[in-house]
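Work through the exercises below with the structure in view. Try each task before reading its solution.

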Amino acid sequence: MERDVQFIGQSTAFLDAVERASRAASVRRPVLVIGERGTGKELIAQRLHHLSPRWGEPLITMNCAALPETLIEAELFGHEAGAFTGAMRARAGRFEEADRGTLFLDELGTLSMAAQERLLRAIEYGEIARIGASRPVQVDVRVVAATNADLPRMAEEGTFRADLLDRLSFEVINLPPLRAREGDVYELADYYGRRMATELEWDTWPGFTPEAMAVLEAHDWPGNVRELRNVVERAVYRWANEHAAIAEIVFDPFENPWKPVPARAPAPLERVEEASATIRPSPPLSPGQGFRESVEAHERGLLVEALERHRWNQRRAAGAIGLTYDQLRHCMKKHRLSEAGKKSQLDPDGQFPQANHRER
């Protein structure tokens, strides 16, 4: 098998799926491969082809989701010159290209009903017709299809042909997600790490620290093996010391420490009350104050307390008392707290302390 077609893993669930594919390779029947993204569906299709009597013939791959619905049939079955606008010359489809070999149809669940009907006839009778042709063509193609969709449910709902599903499901290979492959994260991380170290021309392979490996094994891996490969290769390539074990893992390369923080929606009344309850009450009011003056004085005291607790970081203070940033700014302007905030941050000499010079 080629370098990129190797299967790495030792878990029982993974080995069972590979063994089932190996047994099905020699049988001239359609095979349906089901699994989440990144679980290796195309690798299984390649294994089915290379271990079959068709190994010397073409293996043609087509992603059914990569083309608009209007072009799917022309891509699968070909077309004659002038069959539709833009068809300047005749073209063979994927079925004719895969004659005597294997056709791998990825994302099968996205096929239109019309394309499903023609696909069923091609699998059932080995007969296709180019768009615009008057006579059919016989082909000998083994179909391997893959999807992460729930085809039985789609068949019940009428969005996938039940008879096509019956024809494709001679053998169904369910690939386990990486989170279900016990012990395989270590094997895969070591394999891809060594490959990346070789590509970078490192003299040695330092491996991962126990803490870094524990982080890798604890991750859910929604992107499965494809995601793990990216994470591991990124960690190796970013590591500066090839003689020290790799200790830093970055799962999300899009993480941005300078990304703007969206304004929070106003909190429910009970949350505002809870936040307010954590703030010390305002000092006792003088007997001569009226109701309006008392309310405003208490409101100002709440604002000052929140701002001081958060070192006049207005966004944090707003979140603490259940206000949006704009609402807090309006209240500060109303009570003329901007100047008070600046003055409160000055040291006795009238200068800004170094620790508070930038907004946290």
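**Exercise 1.** State how helix 3 and helix 5 cross and pack.

Solution. Step 1: helix 3 passes helix 5 in a left-handed crossing, left-handed being a near helix turned anticlockwise from the far one by less than a right angle. Helices are DSSP runs of H or I with at least four residues, strands are E runs of at least two, and both are numbered from the N terminus. The model is predicted: local features need pLDDT of at least 70, side-chain atom pairs count only at pLDDT 80 or more, and totals for chains, interfaces and linings use all residues. Residues are numbered from 1 along each chain, and side-chain values use heavy atoms, without hydrogens and water.

Step 2: the two helices pack at about 15°, with axes 9 Å apart; axes are lines fitted to C-alpha atoms over the stretch in contact, and angles run from 0 to 180 degrees between N-to-C directions. Helix 3 is therefore roughly parallel to helix 5, a term for angles under 35 degrees.

**Exercise 2.** Which residues of helix 3 and helix 5 meet?

Solution. Step 1: Ile-72, Glu-73 and Phe-77 of helix 3 touch Ala-114, Ala-115, Arg-118, Leu-119 and Ala-122 of helix 5 (contact: heavy atoms within 4.5 Å). Step 2: sorted by type, this contact has 6 nonpolar, no polar and 2 charged residues (Ala, Val, Leu, Ile, Met, Phe, Trp, Tyr, Cys and Pro are nonpolar; Asp, Glu, Lys and Arg charged; the others polar).

**Exercise 3.** Which residues outside its sequence neighbourhood does Phe-95 contact?

Solution. Setting aside neighbours within four places in sequence, the partners of Phe-95 include Leu-76, Phe-77, Leu-119 and Ala-122.

Definitions and conventions:
Angles under 35 degrees count as roughly parallel, over 145 as roughly antiparallel, 65 to 115 as roughly perpendicular and the rest as oblique.
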